[in-house]
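Welcome, and thanks for taking a look at this one with me. Please have the sequence and the 3D view open side by side as you read.

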Amino acid sequence: MPFDIINGDITKMNVSAIVNAANTNLLMGGGVCGAIFMAAGADELQVACNALSPINTGDAVITSGFRLNAKYIIHTAGPIYHDGNRGEETLLRSCYINSLDLALKNNCRSIAFPLISSGIYGYPKEEALSVAERAINEWLERNEMDVSLVLFG
């Protein structure tokens with residue numbers, strides 16, 4: 001199945017699920033999280049998230065996509081980057097794998113990810129991209145799904 005890296009707006013993707021780079025309390029934040037909340041309908045999405053909160057770093061949960069083209073939003077809490085020696089890579093990898101597993105469990109045929117933890121959580125972009133590519137490609141060796149990694153800007 002295809003794995004594409006594209007530039008674009010994740011909120012406009014026509015996929016089964018988009019992934020939200022969430023915080024552990026599943027509260028509306030800034031960056032990609034804020035954009036997803038605004039596009040989906042912030043009040044409705046926050047109510048759905050409150051029912052699932054809190055989550056652990058690396059975990060993933062699923063809500064309706066509300067006003068998005070996507071049927072679902074998968075929320076995953078990426079790690080805050082400190083120095084790369086505190087398990088950040090393992091946690092970041094878990095974000096991708098757990099999100100893909102949850103999408104598969106919910107019969108999704110396609111999914112779009114942002115570059116998790118690479119914004120305010122400070123994960124170096126090149127390292128974050130490398131972790132994402134490896135995790136997604138390894139998952140796709142055993143499973144089928146159309147996967148997009150959507151970079152903004």
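This is a predicted model: local features need pLDDT of at least 70, side-chain atom pairs count only at pLDDT 80 or more; totals for chains, interfaces and linings use all residues.

1. Residues are numbered from 1 along each chain as its sequence is written, and side-chain values use heavy atoms, with hydrogens and water left out.

2. Helix H3 covers residues 88-105 and reaches 26 Å from its first C-alpha to its last. Helices here are DSSP runs (H or I, at least four residues), and strands are runs of E (at least two), numbered from the N terminus. Just after H3, Asn-107 takes a positive phi of about 60°.

3. Among the buried residues of H3 are Leu-92, Tyr-96 and Leu-100. Buried means under 20% relative accessible area, exposed over 50%, and partly exposed in between (1.4 Å probe, protein chains only).

4. Where does Tyr-96 find its ring partner? Tyr-96 lies in helix H3 and Phe-113 in strand E5, so the pair ties together parts that are 17 residues apart in sequence. Both Tyr-96 and Phe-113 are buried.

5. Two salt bridges (a side-chain nitrogen of Lys or Arg within 4 Å of a carboxyl oxygen of Asp or Glu) deserve a look. Glu-89 meets Arg-134 at 2.5 Å, N to O, and Arg-93 meets Glu-138 at 2.9 Å. Arg-93 lies in helix H3 and Glu-138 in helix H4, so this pair ties together parts 45 residues apart in sequence.

Conventions
The expected span of a helix is 1.5 Å times one less than its number of residues.
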